Amino acid sequence: MTGQELHDKVQVALEEIRPFLKNDGGDIELLEIEDDKHVKVKLLGTCIDCTVNQMTLKSGVEMTIKKHVPQIESVTNVKA
C-alpha cells in the first residue's frame with residue numbers, strides 16, 4: 001500500500017467517525033502517519049476538553065481506523 005493509499009484509507013475511517021464527533025460539537029483532523037503505522041490526529045471543538053476524549057480516541061477513533069487499516073498500531077491525539 002502506498003503512502004497516499006494509506007492516507008486515503010485513514011481519511012475514510014475518520015469520515016466514518018466524524019458524524020458522531022460533530023453531533024457532540026467536535027471534529028477531528030489527521031495530522032500525520034508515521035512509519036505507516038502510527039497515526040497522529042488532533043481533536044477539535046468540544047472534543048478538546050471533553051472528559052471522555054481519551055475513551056473516544058481509543059474506543060471510537062482508533063478502533064475505526066484499525067478496522068479500515070489493520071496495520072495501524074496506534075492513534076494519538078496531538079494537542080495544540
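In the predicted model, N53 has a relative accessible area of 9% and is therefore buried, since the cut-off for a buried residue is under 20% relative accessible area. N53 belongs to helix α2. The side chain of this residue comes within 3.1 Å of a backbone oxygen, that of I48.

A second residue of helix α2, T64, was examined in the same way. The helix covers residues 53-68, and T64 is found in it. The relative accessibility of T64 is 9%, so this residue too counts as buried. The side chain of T64 reaches back to the backbone oxygen of G60, at 2.7 Å. When residues up to four places away in sequence are not counted, T64 touches A13, E16 and I17. The distance to G3 was also computed: T64 and G3 are separated by 61 residues in sequence, and their C-alpha atoms lie 19 Å apart in space.

The surroundings of these residues can be set against the protein as a whole. The protein contains two helices and three strands. Read from the N terminus, the order of these elements is α-β-β-α-β. The radius of gyration is 12 Å, close to the 12 Å given by the globule rule for 80 residues, so the protein is as compact as a globular protein of that length. The C-alpha trace extends over about 35 × 20 × 20 Å along its principal axes.

Of the 80 residues, 32% count as buried; N53 and T64 are among the buried residues. Contacts between residues at least 6 apart in sequence were also considered, and 48% of these join residues at least 24 apart. The protein carries 10 positive and 14 negative charges. The mean position of the positive charges and the mean position of the negative charges are 3 Å apart.

Terms used
Residues are numbered from 1 along each chain as its sequence is written. This is a predicted model: local features need pLDDT of at least 70, side-chain atom pairs count only at pLDDT 80 or more; totals for chains, interfaces and linings use all residues. Side-chain values use heavy atoms; hydrogens and water are left out. Helices (H or I, at least four residues) and strands (E, at least two) are DSSP runs, numbered from the N terminus. Buried means under 20% relative accessible area, exposed over 50%, partly exposed in between (1.4 Å probe, protein chains only). Contact means heavy atoms within 4.5 Å. A polar contact is a pair of N or O atoms within 3.5 Å; within protein, one must be able to donate a hydrogen and the other to accept it, and residues adjacent in sequence count only if both atoms are side-chain atoms. The radius of gyration is taken over C-alpha atoms; the globule rule is 2.2 Å times the number of residues to the power 0.38. Lys and Arg count as positive and Asp and Glu as negative; His and the chain ends are not counted. The place of a charge is taken as NZ of Lys, CZ of Arg, CG of Asp or CD of Glu.
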